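Notebook open, model loaded. I wanted to know how the pieces are put together, and I jotted things down as I went.

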Amino acid sequence: LPASKSPKLNPEGGSCAMLSARQPLFHYLYSEHKALRNARIVVMGDSHIRNLFSGFIVSTRNQEYLAEGHTDKNIKAHGIILHYRLWVDKEGTPRDSLEYIFVGDDGESPEGIAAKEMETECKGLHRCIIVVYVWGARMATQLKSLGFVKQANPTMIVWAMSNYAGNRVLTPKYIKDMGVELHGISSLRTAVFYHWVWGNATPKKFNDIQDIFSIMNGTKIVDPQSGEIVASPRGGQGGTVNNSSSSRALFPIQSHYIGQDSIINALNKYGEEGVLQIRNTWHTLCQLHDTYPNRKWKVLAFDECTSLCEKTAVRSILTLGFSDVLRAEAAAAH
């Protein structure tokens, strides 16, 4: 981003109204709080939540229109990491970069490549925010990716399990493993389940998601003897019998559930345009369609490609999630 685009914002607005609808990540890049200006956000799920990841980029770049294409299924099979970084260089100029990370020539996984990059790319920088997207369309794929999620040291995770779940419910293994592993990430302060509620994702049991949240924040545990999910004997101060944390007692990981239908319905209610793409693409973004073998791209759209749903969701998620981060800092200070 050129220096001329550096926003003139009050970096600590103190209210949702002060969080710019445009370029919301800039609000936090210029924060006085290290936990915000050096935040790491992991976004994980299928193409619906990849739309959300794109929302982080277009809102930061103040880009009005967006269409997004699907990656080849053979590439997806080996994993995909999309890596977005926003930082202020040593001369004071804000910059950003977007990188697609696929399996390496030597067979190294995208997660392995990304983890190495993330170890060093913000070193020496006072302000550096990373948003990384992990392709995880199925429950087993997401669980396999949790090792990378832990390595990424996220401040926030935003994820979903949508159409690929197939059976429309979350399996006991997924619920338990996801809750336990998220609880064990010491850097994590907030988690958002961003739910695509149509197709095979409906009627996804809300209780399943709630159980993940409860294990994650320590109000429930997975009993090591029976393997059942039960109330925590510590009254919400530990995650599992074998994995507790004093910091969790001060401020457990906060959880939020956002249904995409609530955002779309609200935007429609107020007459906003550009939120009805699902009538054509079954996504909230316009879709780039490759008309193989002609190799020409065609945009599938029902309405203007404004990405308004994604931008609205990003603003909501950042407001909720980073408020949690500040409350966690305050709890630790006392």
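What follows are my entries, from the overall picture down to single side chains.

**Entry 1: ground rules.** This is a predicted model, so I take local features only at pLDDT of at least 70 and side-chain atom pairs only at pLDDT 80 or more, while totals for chains, interfaces and linings use all residues. Residues are numbered from 1 along each chain as its sequence is written, and side-chain values use heavy atoms, with hydrogens and water left out.

**Entry 2: overview.** I looked up the secondary structure and got twelve helices and twelve strands. Here helices (H or I, at least four residues) and strands (E, at least two) are DSSP runs, numbered from the N terminus. Of the 334 residues, 49% are buried. I use buried for under 20% relative accessible area, exposed for over 50%, and partly exposed for in between (1.4 Å probe, protein chains only). The accessible surface comes to about 15300 Å², and 50% of that belongs to carbon and sulfur atoms. Those areas are Shrake-Rupley with a 1.4 Å probe; for residues, only the protein chains shown count as cover. Next I checked contacts, meaning heavy atoms within 4.5 Å. Among contacts with a separation of 6 or more, 72% are between residues 24 or more positions apart.

**Entry 3: the sheet.** I traced an open sheet of seven strands with mixed pairing, in the order E4-E3-E5-E1-E6-E7-E10. The edges are E4 (94-101) and E10 (254-259), each of which pairs on one side only. From one strand to the next the twist averages 15°. For pairing, DSSP has to find at least two bridges between two strands. A reminder to myself: sheet strands pair through backbone hydrogen bonds, parallel or antiparallel.

I then went through some of the pairs:
- E3 (residues 81-88) and E4 run antiparallel and are joined by eight bridges; arginine 85 has serine 97 in E4 as its bridge partner.
- E3 and E5 are antiparallel too, with seven bridges, and tryptophan 87 is partnered with cysteine 128 in E5.

**Entry 4: strand E5.** How many residues of E5 are buried? Eight of its eight. Cys128, Ile130, Val132 and Val134 point one way, whereas Ile129, Val131, Tyr133 and Trp135 point the other, and all are buried.

**Entry 5: helix H3 on the sheet.** I found H3 (residues 47-60) lying across E1 (40-45), E3, E4, E5 (128-135), E6 (156-159) and E7 (190-195), at about 160° to E5. The angle is between N-to-C directions, from 0 to 180 degrees, with axes fitted as lines to C-alpha atoms (for helices, over the stretch in contact).

Phenylalanine 53 counts as buried because its relative accessible area is 2%. Leaving out residues up to four places away in sequence, phenylalanine 53 touches Val43, Leu82, His83, Tyr84, Leu98, Val131, Val132 and Tyr133. Valine 43 is ten residues from phenylalanine 53 in sequence, and their C-alpha atoms are 6.6 Å apart.

**Entry 6: a nonpolar patch.** Leucine 98 sits in E4 and is partly exposed, at 33% relative accessible area. Leucine 98 also turned up in a nonpolar surface patch of about 400 Å², along with Ile75, Tyr100, Phe102 and Val103. The patch rule takes residues with over 30% relative accessible area and no salt bridge, joining like charges within 9 Å and nonpolar side chains (Val, Leu, Ile, Met, Phe, Trp, Tyr) within 5 Å.

**Entry 7: salt bridges.** I asked for a side-chain nitrogen of Lys or Arg within 4 Å of a carboxyl oxygen of Asp or Glu. The count came to eight, and I looked into some of them.

Arginine 50 and glutamate 68 meet at 2.8 Å, N to O. Arginine 50 is in H3 and glutamate 68 in E2 (residues 67-69), so the pair ties together parts 18 residues apart in sequence. Arginine 50 is buried at 5%, and glutamate 68 is buried at 10%.

Arginine 95 pairs with aspartate 89, the closest N and O atoms being 2.7 Å apart.

Arginine 327 and aspartate 324 meet at 2.5 Å, N to O. Both lie in H12 (residues 308-333), three residues apart, about one turn of the helix. Arginine 327 is partly exposed at 43%, and aspartate 324 is buried at 0%.
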